[in-house]
Amino acid sequence: MRSYLDEMQKMVVGTATVLVDDQRCFYDILTKEFEPRLTHFVGAVDSSRGCYFVSEATPKEYQPLVVAHEHLCLMHKAKGRSHYCLQALREELTFIPDSMDWEAYIRFRRAFFDDFVKYGKGSTNTEFWRAVTESRDFLRSFNV
Ligand SMILES: [Zn+2]
């Protein structure tokens, strides 16, 4: 794990924070080389301390929303909520600022979840698979 984090450190191109409910979440912006198989990767270093990372390919204005989702997703999962990803997604969409093109963001997230479902194909973690597929299908229900 140590060497993994060391490797990750070399790929940091920026840092930022986002406030989710009352928790300040910190995130590193990493070069695309960190996970070439998933362009808009996002993940947690230590969710209990609010530490995350996101791909530099993800547009700057979308990064806080995507990290907020990751945080909410993991918090709901930790509480044993069965529809944790979908619940996080519904909350995430309420955070979209008025200044942002809402439809463009929905299309971005739909493309992300399409990629994520493909990325996770063959995973033995069927619970994860079910959760991200549910979010993808929810985003597909928008006529945008
Ligand atoms: Zn999720």
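Where is Glu-91 found? Hold on to that one for a moment, and hello, everyone. What we have on the screen is a predicted model, so please keep that in mind as we walk through it. Now the reply: Glu-91 is found in helix 3. We'll come back to this residue once we have seen its surroundings.

Four strands make an open sheet in the order 1-2-4-3, and the pairing is mixed. If you are new to sheets, here is some background: strands pair through backbone hydrogen bonds, either parallel or antiparallel. Strand 1 and strand 3, residues 42-46, stand at the edges with a single partner strand each, so one side of each has no neighbour in the sheet. On average, neighbouring strands are turned by 30° against each other, if you ignore direction.

Now let's go through the pairs. Strand 1 covers residues 12-20 and strand 2 covers residues 23-30; these two are antiparallel, with eight bridges. One place to look is Thr-17, which stands opposite Phe-26 in strand 2. On the strand 4 side, Phe-26 stands opposite Cys-51. Strand 2 and strand 4, residues 51-55, run parallel and are joined by five bridges.

Strand 3 and strand 4 form a hairpin with four residues between them, and Gly-50 in the turn has a positive phi of about 70°. Strand 1 and strand 2 also form a hairpin, this time with two residues between them. Asp-21 sits in that loop between strand 1 and strand 2. Its phi is near 55°, a positive value in a residue other than glycine. As a rule, most residues other than glycine have a negative phi. Is Asp-21 buried or exposed? Asp-21 has 10 other C-beta atoms within 10 Å, and we call a residue exposed at 12 or fewer, so Asp-21 is exposed.

Strand 4 gives us a contrast in burial. Four of its five residues are buried, so strand 4 is largely enclosed by the rest of the structure.

What lies across the sheet strands? Helix 2 lies across strand 1, strand 2, strand 3 and strand 4, and it runs at about 60° to strand 1. Leaving aside residues up to four places away in sequence, Val-67 touches Val-18, Cys-25, Tyr-27, Val-42, Tyr-52 and Val-54.

That brings us to the largest nonpolar core, which has 26 residues. Tyr-27, Tyr-52, Val-54, Val-67, Cys-85 and Ala-88 touch the most other members. Two or more residues come from each of strand 2, strand 4, helix 2, helix 3, helix 4 (102-119) and helix 5 (126-140). Helix 2 gives the most, with six residues.

Let's finish with the helices. Helix 2, residues 63-78, and helix 3, residues 84-94, pack at an angle of about 140°, and their axes are 8 Å apart. The crossing of helix 2 and helix 3 is right-handed. On the helix 2 side, the residues that meet helix 3 include Leu-65, Ala-68, His-69 and Leu-72. On the helix 3 side, those that meet helix 2 include Tyr-84, Ala-88, Glu-91 and Glu-92. Sorted by class, this contact has eight nonpolar, three polar and three charged residues.

Which residues of helix 3 are buried? They are Tyr-84, Cys-85, Leu-86, Gln-87, Ala-88, Leu-89 and Glu-92. These buried residues pack against helix 2 and helix 5.

And now back to Glu-91. Glu-91 is partly exposed, with 16 other C-beta atoms within 10 Å. Along the chain, Glu-91 and His-69 are 22 residues apart, and their C-alpha atoms are separated by 7.8 Å. Both of these residues belong to the contact of helix 2 with helix 3, so do find them on the screen.

Conventions:
Residues are numbered from 1 along each chain as its sequence is written. This is a predicted model: local features need pLDDT of at least 70, side-chain atom pairs count only at pLDDT 80 or more; totals for chains, interfaces and linings use all residues. Axes are lines fitted to C-alpha atoms, for helices over the stretch in contact, and angles run from 0 to 180 degrees between N-to-C directions. A crossing is left-handed if the near helix is turned anticlockwise from the far one by less than a right angle, and right-handed if clockwise. Two residues are in contact if their C-beta atoms, placed from the backbone, lie within 7 Å. Ala, Val, Leu, Ile, Met, Phe, Trp, Tyr, Cys and Pro count as nonpolar, Asp, Glu, Lys and Arg as charged, and the others, Gly among them, as polar. Two strands pair if DSSP finds at least two bridges between them. A nonpolar core is a set of buried Ala, Val, Leu, Ile, Met, Phe, Trp, Tyr and Cys residues joined through C-beta atoms within 7 Å. A residue is buried if 20 or more other C-beta atoms lie within 10 Å of its own, exposed if 12 or fewer, and partly exposed in between; C-beta atoms are placed from the backbone.
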